[in-house]
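The following paragraphs go through one structure, from its overall layout to single residues. Please keep the sequence and the coordinates open while reading.

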Amino acid sequence: MKNMATRFSVVTLMSIMLIPALSSAFTPIRTDRIVIHFFGSHECIACKIATNGYVNPAIESHKGKVIAIFHDISDPDEVALQVAMEKSYGVNQPTPLELFIGPN
């Protein structure tokens, strides 16, 4: 974590990681808002806690400044995106519940 001028943060059940600039494996959304990519499951208790305790309050307190995108990990295409984002951002200890938070 040499470069503290980062563009994205990853929040997992196990850790919070600051991520350096994007690689070409994942194409970010271009927007002036903060984007939360939430990988989880509708059946997951920890996911519900994260949604109700962190994601929804962030959206509410920053109306118009935050976009939250839920990615259901029961969908193979969403898992493939999660793996691509993990590789792009150097996540070495992936978990089923992950939040990628950044400016795009």
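The chain contains two helices and five strands, where helices (H or I, at least four residues) and strands (E, at least two) are DSSP runs, numbered from the N terminus. Along the sequence they come in the pattern β-β-β-α-β-α-β. This is a predicted model, in which local features need pLDDT of at least 70 and side-chain atom pairs count only at pLDDT 80 or more, while totals for chains, interfaces and linings use all residues. Residues are numbered from 1 along each chain as its sequence is written, and side-chain values use heavy atoms, with hydrogens and water left out.

Some totals for the chain come next. Of its 104 residues, 30% are buried; buried means under 20% relative accessible area, exposed over 50%, and partly exposed in between (1.4 Å probe, protein chains only). Contact means heavy atoms within 4.5 Å. Among contacts between residues at least 6 apart in sequence, 67% join residues at least 24 apart.

Strand β3 (residues 34–40) runs parallel to strand β4 (residues 66–72), and seven bridges join them; two strands pair if DSSP finds at least two bridges between them. In this pairing Val-35 stands opposite Ile-67 of β4, and Phe-38 stands opposite Phe-70 of β4. β3 also pairs with β5, in the antiparallel sense and over five bridges. There, Phe-38 has Leu-99 of β5 as its bridge partner. Six of the seven residues of β3 are buried, so this strand is largely enclosed by the rest of the structure.

Together with helix α1 (residues 45–61), β3 and β4 make a right-handed β-α-β unit. A crossover is right-handed if, with the strands pointing away from the viewer, the path from the first strand over the helix to the second runs clockwise.

Which residues does Ile-73 contact, leaving aside its neighbours within four places in sequence? Ile-73 lies in the loop between β4 and α2 and counts as partly exposed, at 26% relative accessibility. Its contacts are Phe-39, Gly-40, Ser-41, Val-79, Gln-82 and Pro-96. Phe-39 is 34 residues from Ile-73 in sequence, with 6.3 Å between their C-alpha atoms.

Thr-95 sits in the loop between α2 (76–88) and β5 (98–102). Thr-95 is buried, with a relative accessible area of 8%. Its side chain reaches the backbone oxygen of Leu-97 at 2.7 Å.

A search of the whole structure finds one salt bridge, defined as a side-chain nitrogen of Lys or Arg within 4 Å of a carboxyl oxygen of Asp or Glu. The side chains of Glu-60 and Lys-63 form it, at 3.2 Å from N to O. Lys-63 is exposed, with a relative accessible area of 59%.

Notes
Polar contact = N/O pair within 3.5 Å; in protein donor to acceptor, adjacent residues only side chain to side chain.
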